[in-house]
Amino acid sequence: MKSLSALLTLAALAATSALAQMSQPMVDENPTKISDHVWAIMGFPNLAIVVGSHATLVVDTGLGPKNGATAARVAAKLAPNNPKLFLTTTHFHPEHAAGEPGFPPGTILIRNAVQQQEMEKHGQEMIDMFSQRSPQNKELLAGVVLRPPDVIFDQEATIDLGGVTARLLWFGAHTKGDELTFVEPDRTLISGDVVQNKTMPNIFGDGGTPASWLAVLEKVAALNATHVLPDHSAPGDGSLVAAELNLISEIRTRALALKRQGLSPDDAGKQVSADLKAKHPDWPNTNAAGFVKSVYAKLQ
């Protein structure tokens, strides 16, 4: 079994989008309405709050208990009469999961089995790594103890919130345990890192592969989402799914062509990144070097 530190060698090359936001780890208390039953707290990362008539679901926690408590407080304001609060996480990284201790007692924590395995193997390592990135991170993550979920599922779990249903789907891609939430009847997809908006894909450690990510996106496309809320970029409509599929396919195809031409992984990464910058000059991040390295490493 490889250690997380060994797996980070490749992942660190690809994590430019998320790490660029590390200087802003606090959760905002002003939610944005995404669809009839879904609200978002925009930040690092974007958190989702799904409100039904008798229960509320929060997706992701923010970095550390202080942010988790803020998310729970916003959820309570949006639905003060709901007796049940559910919490799930898109993947095991600390900005998505380490705020759980800030949620009130009685919160029902639910996540997929593969993500929980990653949490048990590497969760504390990731907390320690994030704590070293800044004094603020260290303060936010001080003393965090991760508890086991109340509910663990394999492929899919459905939560009836009252007039609205949340489907929790294990797909993988960015990490092995990536979880997406599809909210019906809104047709709103809470996409984690799997579908982003004008942001480069990032395979973390021994998570997915370029080819498996494309296969996941084919499944996601079948959901026919109307609204999409990514975790590290702006919300958008259902076209973000096709855009993500096209982007990953383009990067993979171009990288394979450059590999056949004999270019080194570094040179290929620079070339693909430059091509994307010329094609998308308004995008905040077109650094595809990490993803190109995943293709070169035969993570097909």
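Because the model is predicted, local features need pLDDT of at least 70 and side-chain atom pairs count only at pLDDT 80 or more, while totals for chains, interfaces and linings use all residues. Residues are numbered from 1 along each chain as its sequence is written, and side-chain values use heavy atoms, with hydrogens and water left out.

**The chain as a whole**

The secondary structure comes to 10 helices and 13 strands, taken as DSSP runs numbered from the N terminus, with helices (H or I) of at least four residues and strands (E) of at least two. The radius of gyration of the chain, taken over C-alpha atoms, is 18 Å, which agrees with the value near 19 Å that a compact globule of 300 residues would have; the globule rule is 2.2 Å times the number of residues to the power 0.38. Of the contacts with a separation of 6 or more, 68% join residues 24 or more positions apart, where contact means heavy atoms within 4.5 Å.

| Property of the chain | Value |
|---|---|
| Span of the C-alpha trace along its principal axes | about 60 × 40 × 35 Å |
| Share of the 300 residues that count as buried | 56% |

Buried here means under 20% relative accessible area, exposed over 50%, and partly exposed in between, with a 1.4 Å probe and protein chains only.

**Nonpolar cores**

A nonpolar core is a set of buried Ala, Val, Leu, Ile, Met, Phe, Trp, Tyr and Cys residues joined through side-chain atoms within 4.5 Å. The largest one has 34 residues, and those with the most contacts inside it are Leu189, Val194, Val195, Trp213, Ile251 and Val292. Two or more residues each are given to this core by β10 (179–184), α7 (210–221), α8 (239–260), α9 (265–279) and α10 (289–296), and the largest share, 8 residues, comes from α8. Ile251 touches Met200, Pro201, Val272, Leu276, Ala288, Phe291 and Val292, when residues up to four places away in sequence are not counted. A second, separate core of 20 residues includes Ala48, Leu57, Ala157 and Ile190.

**Ala40**

Ala40 lies in strand β2 (residues 38–41) and is buried, with a relative accessible area of 0%. Leaving aside neighbours within four places in sequence, Ala40 is in contact with Asn30, Pro31, Thr32, Ile34, Leu47 and Leu229. The C-alpha atoms of Ala40 and Glu29, which are 11 residues apart along the chain, are separated by 9.9 Å.
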